[in-house]
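Subject: Handover of a structure and summary of findings

Dear colleague,

Please find the structure below, together with its sequence. A summary of the findings follows it.

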Amino acid sequence: MSASIKLLHFQQYNQGFKIHHHQSLPCFHQYPLVSLPNKCFHSSGERLVGSSSTLQSTLSSGNSRLLVTRCISKEFSESLGPSDSESLENPKQKENSLLTILKEASSFLPHVVLASTILALIYPPSFTWFTNRYYAPALGFLMFAVGVNSSEKDFLEAFKKPAAIFAGYIGQFAVKPLLGYLFGTIAMTLFGLPTSLAAGIMLTSCVSGAQLSNYATFLTDPQMAPLSIVMTALSTATAVFITPILTLLLIGKKLPVDVKGMVSNILQIVVAPVASGLLLNRFFPQICNTIRPLLPPLSVFVTALCVGAPLAINIDSLVSPSGMSVLFLVIAFHLSAFILGYLLSGLAFHKAPDVKALQRTLSYETGMQSSLLALALANKFFQDPLVGVPPAISVVIMSLMGFSLVMLWTKKKETVME
């Protein structure tokens, strides 16, 4: 279209102006008719007089745009001051601020874990009300939150690295159970601890990966978070069969193991909640969008209870001479798992361009596991309460060591970038 000037006639209509489009202008049915009120202002701020006048507007040939005159009524412009417009924006800003706080509540998790540990040691009654019967529902809620925050896209992205997934699975259900058997044997032979405490260490090494490893990976290497989610999800899904089998192999000759009962229990508190969250996210996304901001603070609160309660309930066993020995063995177990996960993945993927990120991710996956699941299984299927002591200690040690590595590696990355 040529850049010829077309005239728009403004005719006074009632107390304002009414735009009449020239018939020669093409496709004007696409543009709405505009009535201008009594007090009108051009977009540049120039006032239009309240009488019949002619305004020249240019139609650009490139994008057929029409220069628009915006108008503000005198009454509205005078009634709506700066303070009123700010008051209209403040509720929206406050809402966004609240959602941001809720969604970022998980960033306080390391501090909450440390505070729960200290509080449980100083004042155990603050957590003793959260008894063993609440562990399974609490773990189910955390698994449900994982499902709600996951989708098929996460899995599709991570499955592009099958070798890394396989390495994580080997670290979870091969390297770690061997370490558990090693330190459980040391507990009985060198430290002279009861068989039930050794069985607790072995049981802790047989469970699936911890969801905290996903969050630790996200804080250190966000691009690796989907991979960590897939590795944890895979170990969690197959734990329904692998954990009872490993438990039978490592502990079966020492203590009776109810394999069928373990399978049923894991289905109820792990598989079913994760599947429910995934289905809810898939078919009812609006409901998920509504509840998703509430899940991080609730998950932090539930995790704090799950960390503090086992410690408070088993405080007498922990402060005993055997308890100190178990604490030392659990620390050695997790430290060995973190180190081996880092070193072995470095050897396996030394040619990968993102080898350091893979090493950190696989270190988290190997060193952190669902100690709460081990604790729930210990309370459910072993009569001796001492079996639950190592998993209870592991919940605290795993969390503290994992997030200490987060702070160490994050600070190191920042230093390198500077």
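What percentage of the 418 residues in the protein chain is buried? Buried residues make up 44% of them, where buried means under 20% relative accessible area, exposed means over 50%, and partly exposed lies in between (1.4 Å probe, protein chains only).

Please note that this is a predicted model, in which local features need pLDDT of at least 70, side-chain atom pairs count only at pLDDT 80 or more, and totals for chains, interfaces and linings use all residues. Residues are numbered from 1 along each chain as its sequence is written, and side-chain values use heavy atoms, with hydrogens and water left out.

Confidence

The average pLDDT (the predictor's confidence in each residue, from 0 to 100) of the protein chain is 75, and 71% of the residues score at least 70. Residues 1–80 stay under 50, and the model has 100 contacts (heavy atoms within 4.5 Å) beyond four places in sequence for them.

The protein chain contains 18 helices and six strands, taken as DSSP runs numbered from the N terminus (helices H or I, at least four residues; strands E, at least two).

Salt bridges

Two salt bridges are counted, each requiring a side-chain nitrogen of Lys or Arg within 4 Å of a carboxyl oxygen of Asp or Glu. In one of them, K161 pairs with D354, the closest N and O atoms being 3.0 Å apart. K161 lies in the loop between α6 (152–158) and α7 (162–189) and D354 in the loop between α15 (321–348) and α16 (355–367), so the pair ties together parts 193 residues apart in sequence. K161 is partly exposed at 32% relative accessibility, and D354 is partly exposed at 24%.

D221 and R360 also form a salt bridge (2.8 Å, N to O). This pair links the loop between α9 (212–220) and α10 (225–251) to helix α16, 139 residues apart. Both D221 and R360 are buried.

Yours sincerely
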